[in-house]
Amino acid sequence: MKSYTTISLGCKVNSYEISALTMRLQELGYVEDKNNPTVAIINTCSVTATADQKSRQHIRKLLNNYPNAIIVVMGCYSQGHHDFIKNEIRPHIITGTSNRDKLVELIENYSKQTPIDITEKNPRLYQYEELGITNHSENVRAYLKIEDGCDNFCSYCLIPYRRGRARSRSYEEVIKEATSLVKNGYQEIVLTGIHVGGYGKDLVNYSFSKLVKELLDIKGLYRLRISSIEESEIDNDLIQLINTKNNLANHFHIPLQSGCDTVLKRMNRKYTCEQFLNKLKIIKEACPNVALTTDVIVGFPGETDEEFEQTYKFIQKCGFNMLHVFPFSSREGTIASRMPNQIDPRIKKERTLRLIELSNRLWDEYTNKFIGKEVEVLIEQYDEKNHLNIGHTSNYLEVKIPDLENKVDKIIKTEYKR
């Protein structure tokens with residue numbers, strides 16, 4: 001029997017791509033088998049040095065655990081290190097961040113002799129690769145990939161070199177897939193991509209906001225969520241949708257990275273703290289109960305104590321509700337890796353812990369405002385052992401409701417408790 005197992009490391013884009021491949025395998029009669037698969041596929045990540053290490057470890061683990069399977073490696077790590085993977089680790093089929101549409105055919109015809117490497121060398125020339133899907137492993141939430149690549153070239157980031165230039169998926173395909181997902185029973189769709197808010201910049205007379213509006217108008221879609229978006233890409237049209245559309249989730253993840261203008265300039269971020277703060281004020285006016293979360297990098301090269309303190313105070317000023325904190329990871333080939341005054345790991349750790357403590361406090365303050373109030377929850381899973389229905393509100397509060405009955409896929413109004 002033809003069977004498969006998969007590993008997806010890193011972002012939700014990788015998860016989407018794995019789901020697309022498994023759907024195609026299933027159409028050819030493959031079934032999932034984690035014990036003795038005939039094919040094992042891994043989608044690798046390279047966002048940090050730790051991600052690189054995990055990717056190597058997992059590839060080797062697949063080879064050891066499944067000696068009779070065809071081992072397939074793809075993703076950002078293999079895009080940058082496919083020669084090493086081919087010559088030193090020796091899986092069977094290798095590609096990077098393109099040619100995923102060829103993998104199923106290669107798997108079907110593979111004879112297990114010499115490794116096949118179909119990694120293209122210049123990701124900046126890639127076109128958008130259509131890998132549409134209609135089903136996900138999750139019961140009620142589906143991730144919808146709308147674009148690939150990035151043109152921002154932040155000084156610390158390898159992704160533009162690994163994923164290629166920003167390129168939008170055809171809006172007809174996005175709407176078609178979203179409509180199909182809703183018909184198949186998915187209540188919530190999460191827009192994902194490498195640079196989600198950049199969608200439409202390479203299209204004629206089409207924008208991210210216009211896409212969001214069309215998606216929100218799909219009959220039966222309970223909720224649309226944006227995975228992450230840059231401050232500069234939240235335009236007046238999107239603000240209007242935030243203010244008027246009940247099925248647009250009132251939770252926005254807006255990467256800050258630093259709350260200090262001098263650090264932002266070294267990072268090659270395209271905004272100032274003042275611009276960022278002004279945009280947050282506009283969003284909060286349109287949606288007072290909005291949950292705002294962000295990414296912050298600590299220990300960027302040259303970050304002084306004073307610059308870190310500016311970031312700490314600016315985060316409080318912004319009124320964020322939760323932080324995703326990352327100690328700076330030097331990536332060979334980026335401008336930041338060559339910058340002077342690299343920060344001692346001990347200092348990075350101290351600053352990371354301070355911001356995590358701040359994040360916990362901010363989240364407590366935010367969620368406490370809703371205690372005792374009625375909230376509407378989309379139930380996503382059922383804990384049979386503890387008899388709990390678990391789901392999230394529009395502003396991403398996790399809610400656990402005691403109940404002997406499994407109510408996954410139901411929308412329930414309840415009193416919020418922590």
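Visitor: Which residue in β11 stands opposite E188?

Guide: In this predicted model, strand β10 covers residues 188–192 and is joined to β11 by four bridges. The two strands run parallel. Within β11, the residue that stands opposite E188 is R223.

Visitor: Through which helix does the chain cross from β10 to β11, and what is the handedness of this crossover?

Guide: The crossover is of the β-α-β kind. Its helical part spans residues 208–216. The helix is α7, and the crossover is right-handed.

Visitor: Which residues of β11 point the other way from R223 and R225?

Guide: Strand β11 comprises residues 223–226, and all four named side chains, including those of R223 and R225, are buried. R223 and R225 point one way from the strand. Those that point the other way are L224 and I226.

Visitor: What is the order of the open sheet of three strands, and which are its edge strands?

Guide: The pairing in this sheet is parallel, and its order is β12-β13-β14. Neighbouring strands are turned by 15° against each other on average, direction ignored. Each edge strand pairs on one side only, and the edge strands are β12 (251–253) and β14 (322–327).

Visitor: Which residue in β13 is the bridge partner of H251?

Guide: Strand β13 covers residues 291–298 and runs parallel to β12, to which three bridges join it. The bridge partner of H251 in β13 is A291.

Visitor: Is N99 buried or exposed?

Guide: N99 is found in the loop between β5 (93–94) and α4 (103–109). Not counting residues up to four places away in sequence, N99 touches I118, E120 and E129. Its relative accessible area is 7%, and buried means under 20%. N99 is therefore classed as buried.

Technical notes: Residues numbered from 1 in each chain as written. Predicted model: local features only at pLDDT ≥ 70, side-chain atom pairs only at ≥ 80, totals over all residues. Heavy atoms only, no water. Pairing = 2+ DSSP bridges. Axes fitted to C-alpha atoms, helices over the stretch in contact; angles between N-to-C directions. Buried < 20%, exposed > 50% of the residue type's maximum accessible area, 1.4 Å probe, protein only. Contact = heavy atoms within 4.5 Å. Right-handed = clockwise from strand over helix to strand, strands pointing away.
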